[in-house]
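Let's walk through a protein model together, one question at a time. Have a look at it first.

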Amino acid sequence: MKEYDFMLHDENVTVRKALDESSNMQGGFTLKDLHELPTAEFKKVWEASMEGSLNSPSSLNIDEQMRSVDVELGPNYKKSCMIAYENGSPIGVTMPHIEPGTLEEGRIFYFGILPSERGKGKSKLLHQQSLEILKKDFNASYYIGSTGHNNLPMLKTFQNNGCTVIERNKVFKRKN
């Protein structure tokens with residue numbers, strides 16, 4: 001790989017969880033999707049939730065990322081783009097959906113907590129709530145998630161919510 005100017009960019013950890021067990025979810029955050037929110041507000045909170053992320057940064061700007069969501073998820077993407085609120089203030093975003101080309105594979109296109117809300121146990125609850133949405137609103141029977149191997153808080157969230165590591169993949173990028 002080095003011979004062809006590729007360098008190690010990241011290592012992704014992929015997890016799986018069956019969504020058939022009964023939930024003991026209590027409480028949760030208020031969620032609003034793009035049917036209830038202006039796109040500009042969603043993009044602002046999404047962009048803010050990416051600040052200081054332990055995952056490798058995207059090479060796309062926020063408008064390109066929004067177009068990517070529309071293209072990848074199709075016409076129902078507005079149902080997937082959600083801001084989580086606590087006491088009327090945004091705490092993060094979650095983007096649950098069914099993986100295109102499948103009927104039951106739940107995914108979360110992006111999941112992030114605002115920097116000011118990190119380290120307060122909110123990730124576990126919002127992720128649990130997202131899994132419930134996948135099961136109840138999207139009819140997913142299982143969830144597949146992934147994050148970079150350096151994103152220890154997200155790996156802990158996966159573990160706390162009963163996800164099992166199914167693979168690790170090294171990601172290489174070509175030098176410019």
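## Fold and aromatic rings

Among contacts (heavy atoms within 4.5 Å) in the protein chain between residues at least 6 apart in sequence, 72% join residues at least 24 apart. Keep in mind that this is a predicted model, where local features need pLDDT of at least 70 and side-chain atom pairs count only at pLDDT 80 or more, while totals for chains, interfaces and linings use all residues. Residues are numbered from 1 along each chain as its sequence is written, and side-chain values use heavy atoms, leaving out hydrogens and water.

Q: How many aromatic pairs does the structure hold?
A: Rings of Phe, Tyr and Trp (its six-membered ring) pair if their centres lie within 6.5 Å. Going by that, the structure's number of aromatic pairs is 3.

Q: Are F42 and W46 buried or exposed?
A: Buried means under 20% relative accessible area, exposed over 50%, and partly exposed in between (1.4 Å probe, protein chains only). By that cut-off, F42 and W46 are both buried.

Q: What kind of pair do the rings of Y143 and F158 make?
A: Planes under 30 degrees apart count as stacked, over 60 as edge-to-face and the rest as tilted. The ring centres of Y143 and F158 are 6.4 Å apart and their planes sit at 55 degrees, so the pair is tilted.
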